[in-house]
Amino acid sequence: MFGLEYPPIDNLVVWPDALFEGTILGFNKIALISLLAMLIPAAIFFFSKKDLVPRGLQNVAEGAVELVEKEVILPAIGPDGLRYLPLLLSVFLFVFFGNIFEVIPVFQMPANARMANPMFLALMVLVVFTFIGFKYNGAKFFTDIAWPPDVPVGLRPLVGFIELLSTFILRPFGLAVRLFANMLAGHILLVTFGVLCIAVASGWLFPLLALTFPMLVLLTGFEIFVSFLQAFVFALLTAVYIGLSLHPAH
Amino acid sequence: MLLLLAAEAAEEAGEAASNPILPDMSEMVWGVLSFALLYALINYVLLPPILRARNDRAATIQADRDAAEAARARAVSASAEVDDQLSGVRAEAAELVDEARAEAEAERQRLVARAEREVNAMQEIADGEIEREREEAMVSLRPQVADLAADAASRVMGRSVDASAAGPAIDRVMNS
């Protein structure tokens, strides 16, 4: 009706390789964002002063550290989880900076709207919590999942199967899909309103810009919040899974 | 025809490769490398100084708090000491005041006694002088009184009375 030409999904999320085309090291926009998601937090931490009274970047770095410590690790694991601070901080920062490029001009693409990074991170989390569970509980970690001791014997095979499926398949799958789907949906939403703004701006529907443009601005703000929220949720769930592996009885 | 088939095949291949659900291996490789590098940097290089700075700050704050607490305790102790000293000084001052009061009282009594003595002495002197003056007056008046008495007696009796003969009687009257 509006003569709107919506770009195919490939145009929104698939980016051609700029370097090493066709190889396993093919370097495209997502790879660049992944690199920047590593370089930017590293630069913030590196260039932040280590003064007695924090200012500027030091506030940002210490704020991130305290956020992960106080809002992720302590509630989900407890004080003995502080040894996982580097891992959980890295996860939070990498996911957040991978997400936030969704609203940065020129890039306008979250790295986590592609499945590669969420899947890799979810698999890494799977490996980490499995390793921790085995390290601190031995084979009991697996046997308690597969053959839950507090469940009536007749139900154990069924519950054990469900627990195995839940722990080793659904947890990482949920982590990856939650992040990926949220960021992809946000990206599509922003593209939709962006396209809508362009479409109505050039024709007789110009007054509609008064509705579509504020919505685009609002959604941009909302996506900044979602970028943070998804990074926080990913780090929090990682901490919860690590906590469950450390203290399986809980 | 061949071109059309090749184009279709390429399109199908393109569709398969661009399935947004499936991960792109090269993106995953860069993701793994980036995350591994970020984790290594944070774990070994970037996080320790931040934690150290934070711990130093916490230690400084704790030390300052301890120092403030110690200073407060010292102030409380000094205040108690001053209170003790003040109460001692007050007691000493009260003692001095009592002593001074007692001394003043003694001095007052001494002065009063001396004044009384002086007054008594002066009164004795005055009494003596009065007595002496009275006696002198008696002595000086006696001849005139004797003359007047002799004259009065002469007139009453109708005969002359000698003043010297009336001397004993006049002495008796004047001494009574």
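Trainee: What distance lies between the backbone oxygen of L52(A) and a polar atom of the side chain of R57(B)?

Mentor: This is a predicted model, where local features need pLDDT of at least 70, side-chain atom pairs count only at pLDDT 80 or more, and totals for chains, interfaces and linings use all residues; side-chain values use heavy atoms, without hydrogens or water. Residues are numbered from 1 along each chain as its sequence is written, while chains are lettered from A and ligands numbered from 1 in the order in which they are written. A polar contact is a pair of N or O atoms within 3.5 Å; within protein, one must be able to donate a hydrogen and the other to accept it, and residues adjacent in sequence count only if both atoms are side-chain atoms. Between the side chain of R57(B) and the backbone oxygen of L52(A), the distance is 2.6 Å.

Trainee: Is R57(B) buried or exposed?

Mentor: R57(B) sits in helix α2 of chain B, residues 25-157; helices (H or I, at least four residues) and strands (E, at least two) are DSSP runs, numbered from the N terminus. Buried means under 20% relative accessible area, exposed over 50%, and partly exposed in between, with a 1.4 Å probe and protein chains only. Because its relative accessibility is 13%, R57(B) counts as buried.

Trainee: Which residues does R57(B) touch, not counting those up to four places away in sequence?

Mentor: Contact means heavy atoms within 4.5 Å. With that cut-off, R57(B) touches D51(A), L52(A), P54(A), Q58(A) and E62(A).

Trainee: How much area is buried between chain B and chain A?

Mentor: The contact involves 49 residues of chain A and 32 residues of chain B. On the chain B side, E27(B), W30(B) and F35(B) lose the most area to chain A, together 21% of what that side buries. Buried area is the accessible area (1.4 Å probe) that two parts lose on being put together, summed over both. Carbon and sulfur atoms give 73% of the total, which is about 3,500 Å².

Trainee: How many salt bridges does the rule find across the interface of chain B and chain A?

Mentor: A salt bridge is a side-chain nitrogen of Lys or Arg within 4 Å of a carboxyl oxygen of Asp or Glu. One case links the side chains of E69(A) and R54(B), at 2.7 Å from N to O. Across the interface of chain B and chain A, the number of salt bridges is three.

Trainee: How many nonpolar residues are on the side of chain B that touches chain A?

Mentor: Between the two chains, 10 residue pairs are in polar contact, with both residues at pLDDT 80 or more. By class, the chain B side has five charged residues, six polar ones, and a nonpolar count of 21. Here Ala, Val, Leu, Ile, Met, Phe, Trp, Tyr, Cys and Pro count as nonpolar, Asp, Glu, Lys and Arg as charged, and the others, Gly among them, as polar.

Trainee: Why are R114(B) and E118(B) separated by about one helical turn?

Mentor: These two form a salt bridge, with closest N and O atoms 3.8 Å apart. R114(B) is partly exposed at 40% relative accessibility, and E118(B) is partly exposed at 44%. They are about one turn apart because their spacing in helix α2 of chain B is four residues.

Trainee: Which residue forms a salt bridge with E66(A)?

Mentor: E66(A) is partly exposed, with a relative accessible area of 29%. The closest N and O atoms are 3.5 Å apart, and the partner is K70(A).

Trainee: Where is F20(A) found?

Mentor: F20(A) is not a glycine, yet its phi is positive, near 50 degrees. It is partly exposed, at 48% relative accessible area. In chain A, F20(A) belongs to the loop between α1 (9-13) and α2 (29-47).

Trainee: What percentage of the residues of chain B count as buried?

Mentor: Chain B has three helices and zero strands. By the Shrake-Rupley method with a 1.4 Å probe, where for residues only the protein chains shown count as cover, its accessible surface comes to about 13,000 Å², with 61% belonging to carbon and sulfur atoms. Of its 176 residues, the buried share is 14%.
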